[in-house]
Amino acid sequence: MVVNFKVFKKCSPNNMITLYMNRREFVDSVTQVEPIDGIVVLDDEYVRQNRKIYVQLVCNFRYGREDDEMIGLRFQKELTLVSQQVYPELKQDMQLSKMQERLLKKLGANAFPFVMQMPTSSPASVVLQQKASDESQPCGVQYFVKIFTGDSDCDRSHRRSTINLGIRKVQYAPTKQGMQPCTVVRKDFLLSPGELELEVTLDKQLYHHGEKISVNICVRNNSNKVVKKVKAMVQQGVDVVLFQNGQFRNTIAHMETSEGCPLNPGSSLQKVIYLVPTLVSNCDRAGIAVEGDIKRKETALASTTLIASQDARDAFGIIVSYAVKVKLFLGALGGELCAELPFILMHPKPSRKAQLEAEASVEA
C-alpha cells in the first residue's frame, strides 16, 4: 500500500543538517497545544565527529519598527520556549507520530526524531501589516523551529550550520455558538423632551472568515431630534500588552446609508446592513493585524484571540478582538448615538476529510 503525505523539508546552508516536518501550523485549543514534531537528518561527517545537535522553539516578538532602532536599542524580544538535544540521543520517553515512524524507516540511521510541547500560555501567531514598500521585519509574534550545532544549547549558532523554519500557532473556532449579541442604547437631550433609542442585534456571535455579518438595526425616535444618516462598521481591536497605551482600533468594513432618513420625531426605522470584513479590502493599509505570515502561503485577517483567563493576558504579545459599531448622526447640534457589539471571527476547524485531501503531495 502506498501512503501519501505532505512533508516540509529545509537544509542548512552547508547541507550537513536537514529538517523534515509534516506541518507548519499547530492548533491551540486554549487548554492545550498540539506537539511540534519532526525529523533531523545529519550528514555522515557530523555523525562521525559526534557533533551535538540541538532543536529549539523560538518565539520572536517585535514591538517596534526596525528602522527606528538605534545603537543599543532593539524593539524585539527573542524567547527560547523549548530546547532539547537531538544528537547524540538522550534517553527520554517520546511519543512518535505516524509520519515520524515512516520517515525514520525511509531516511536511515542518520535520522533522529524530536517532539516539543509549546506552552499553552504562549501567544498566537499575529503580525501587523506593513505598507507594500516597507521591507523591514513586521511587528508581531512569530515562531521558528531552530536546528543548530554547538557545544551547548546556549552556544552561539553559526549561520552555515543553522536551520530556521517558520511555523504558526493557530486557534480554530469553537464548535458551539454563544449567546446572540444584542444591545439597546438610549440618549436623552438636556433641553428637549423624550429620548432616542437604538437597538442593534447580530444574527449570531461566531463568524468564519469571509462570512457575511447581518447587523439588525432598530431606531425609535421619541425625541424632537432628526436622524440624518446611519453608519455601521466592523472594527478590529489590537492590544499590544507590552505597552500601557498599546490599544488601537482599525475600521476594516463599513457602510453608510441615508435610506429611511431623515428620521423625524415620533418615527421608527428598522433595517438590516450586511458587512463582510476581509483582508482583500484592507491589503494596502498598515497596522491591520493579520495571521502570522509563512512564505508562499495566503494569509487572512487575524482571528479573535481566545484566552482561558483574563489573568493570562500579560503572557500574550498581541490580543485581537472584533466588534460591530453602529452610529446615528443627528447633525451638528444633536451629536451622535453609538452602539457596539463584540463578536468572534475565526477559521472553522478543518474536517478530517479536508486534511487527508491536503496530504497528497509526497509519497512515503
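Start just after helix H2: Gly108 takes a positive phi of about 95° there. A word on the source: this is a predicted model, where local features need pLDDT of at least 70, side-chain atom pairs count only at pLDDT 80 or more, and totals for chains, interfaces and linings use all residues. Residues are numbered from 1 along each chain as its sequence is written, and side-chain values use heavy atoms, with hydrogens and water left out. Helices (H or I, at least four residues) and strands (E, at least two) are DSSP runs, numbered from the N terminus.

Now H2 itself, residues 98–107. Its buried residues are Met99, Gln100 and Leu103. Seen down the H2 axis, they fall within an arc of 95°, so they line one face of the helix. That arc is taken from the directions from the helix axis to the C-beta atoms. On the other side of H2, Lys98 and Lys105 are exposed. Buried is under 20% relative accessible area, exposed over 50%, partly exposed in between (1.4 Å probe, protein chains only).

Next, the sheet. It is open, with 4 strands in the order S2-S3-S5-S8, and the pairing is antiparallel. Strands S2 (8–11) and S8 (111–116) stand at the edges with a single partner strand each, so one side of each has no neighbour in the sheet. Pairing needs at least two DSSP bridges between two strands. S5 (residues 36–42) and S8 run antiparallel, joined by 6 bridges. In S8, Ala111 is the bridge partner of Val41.

How does it come together? H2 packs on the sheet, touching S3 (17–21), S5 and S8. Contact means heavy atoms within 4.5 Å. The direction of H2 makes about 5° with that of S5. Axes are lines fitted to C-alpha atoms, for helices over the stretch in contact, and angles run from 0 to 180 degrees between N-to-C directions.
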